[in-house]
Amino acid sequence: MTFTITNPRRHPEQDNPSFLTSTLSSSSVSMASLQDSLSDHGSTKDLQYDFYRDSCPDAQQIVRSKMVDAYSQQKDISAALLRLFFHDCFVHGCDASVLLDDSHGNRSFSIEKQAVPNKSLRGFDIIDRIKEEIERVCPGIVSCADIISLATRDGIILAGGPYYPVFTGRRDSIRSYYEDVLNEIPNPDDTITRILHLFLLKGFNERETVSLLGGHNIGKMSCEFIQNRLYNFNGTGKPDPTIAANFLNKIRVKCQGDNNSRVRNGLFESMDSGASNIQELASSLPSGEGFDTHYYENLMMGQGLLFADQQLMAEEKTARLVRAYASDDGSTFRLDFAAAMVKMSNLGVLTGSQGEVRLNCSLPLFSSK
Ligand code: HEM
């Protein structure tokens, strides 16, 4: 697969210059490479470029303007959606199953949202707001799965990340897949072997996996996912030896006595010492600083937040990629990340007569009536 740097203004999808030309980065995935990616991943043949051009021509514009509004009030919306989207796509494909409050039309079934890895997912409210507005303009046309895909891409651009084209025409699942979440979503304590295995099951090679973990360039981690690394790693009564000593002290201070504290991905140096100021920092991160090389630089210094993050340095085949991403101005990472996001956006999609188009993103159709 080849990826080229293109002039993003030439994409017909980007027909709202006031949003996109002001936020687009120079790294983006071209239409030609998107076609390559789609044919690599055969199941997406029914997705189309601008699927709603006749049935709901304003759909993409509505997503963009709602995202611009949301981002102006809450900068961490981009991270919330990126994680939400990843957790949707990795469990039975990008079918909006993660949004459901109800499975099989029955609220007594367990749902994805209740599974441990999904308990701290955020961003459901912005998807609902976008859906509500789109339903007002074109009822029953635009799927929730397409809305998350487009909103995630727009959020990445707003956070200073690369543009990539999103084909549309996904349909929504009629059920939630609670039972699959633990098997398909990687665990914060997973080894590099398991991480690569889980990503390979979804069609991602080592390079794509390392680039996708660069999603941790933005957002926050709760201390609960890090605590055992700090004091009693694997029952040893000692900290994780892969944590750099000066960094260990810093995280211990940040997470002291409070499992609910959250630490910002990668921005320790700019924090002051209180554990409760992390929320504020999120909104003070200027757009454009997120999708750079700091995640990979931190890994090289033993400053990965999760055990799983730091595992990228545990084997030469992934450490080599980390070093490559850290070695330039971020362009290599951004190109690879954009390409991998195209691929992720097309995982296991429902198209044609499969699934349905929900009216309310948290309910299958027959319980919405
Ligand atoms: C080995 C794979 C991965 C593991 C173990 C993992 C685990 C986690 C954990 C435990 C959190 C903290 C959640 C919280 O504190 O509420 C988190 C946050 C996040 N993850 Fe991952 N993740 C992985 C891969 C990815 C990928 C592939 C992406 C996107 C491409 C991603 C995007 C994010 C983002 C943006 C956040 C911040 C969310 C926020 O601020 O609300 N992660 N991840």
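Visitor: Which residues are the closest of those that surround the ligand?
Guide: In this predicted model, the ligand is surrounded by 26 residues. Two or more residues of this shell come from each of H4, helix H9 (206–213) and strand E1 (220–222). The closest residues to the ligand are Ser120, Pro186, Gly215, Gly219 and Ser222.

Visitor: Which element gives the most to the shell around the ligand?
Guide: The residues of that shell divide into six charged, six polar and 14 nonpolar. Among the elements that give two or more residues to the shell are H9 and E1. The element that gives the most, with five residues, is H4.

Visitor: Is His87 buried or exposed?
Guide: In UniProt, an unreviewed entry lists His87 under "active site", and in the model this residue lies in helix H4, which spans residues 77–89. A residue is taken as buried when 20 or more other C-beta atoms lie within 10 Å of its own. Because His87 has 20 C-beta neighbours inside 10 Å, His87 counts as buried.

Visitor: Which residues is His87 in contact with, leaving aside its neighbours within four places in sequence?
Guide: The position of His87 is within helix H4, and His87 counts as buried. Once its neighbours within four places in sequence are left aside, His87 is in contact with Val98, Pro117, Asn118, Leu121 and Ile185.

Visitor: Where is Asp292 found?
Guide: The UniProt record, an unreviewed entry, places the feature "binding site" at Asp272 and Asp292. Asp292 counts as buried, because it has 20 C-beta neighbours inside 10 Å, and, not counting residues up to four places away in sequence, Asp292 touches Asn217 and Gly330. As for its place among the elements, Asp292 is found in the loop between helix H12 (278–284) and helix H13 (294–300).

Visitor: Which residues is Ala151 in contact with, leaving aside its neighbours within four places in sequence?
Guide: Leaving aside its neighbours within four places in sequence, the contacts of Ala151 are Val63, Met67, Leu81, Ile126, Ile127 and Ile130.

Visitor: How far apart in space are Arg129 and Lys66, C-alpha to C-alpha?
Guide: Arg129 is found in helix H5 and counts as partly exposed, because it has 15 C-beta neighbours inside 10 Å. Although Arg129 and Lys66 are 63 residues apart in sequence, their C-alpha to C-alpha distance in space is 7.9 Å.

Visitor: Is Phe366 buried or exposed?
Guide: Phe366 lies in helix H17, residues 365–368, and is 192 residues from Ile174 in sequence but 8.9 Å from Ile174 in space, C-alpha to C-alpha. Because Phe366 has 11 C-beta neighbours inside 10 Å, Phe366 counts as exposed.

Visitor: What percentage of the residues of the protein chain count as buried?
Guide: The protein chain has 17 helices and two strands. Of its contacts with a separation of 6 or more, 78% are accounted for by residues 24 or more positions apart. Of the 369 residues of the protein chain, the share that count as buried is 48%.

Notes:
Residues numbered from 1 in each chain as written. Predicted model: local features only at pLDDT ≥ 70, side-chain atom pairs only at ≥ 80, totals over all residues. UniProt positions renumbered as here; feature names shortened; annotations may be inferred. Helix = DSSP H or I, 4+ residues; strand = E, 2+ residues; numbered from the N terminus. Buried ≥ 20, exposed ≤ 12 C-beta atoms within 10 Å, placed from the backbone. Contact = placed C-beta atoms within 7 Å. Near = placed C-beta within 6 Å. Nonpolar A, V, L, I, M, F, W, Y, C, P; charged D, E, K, R; others polar.
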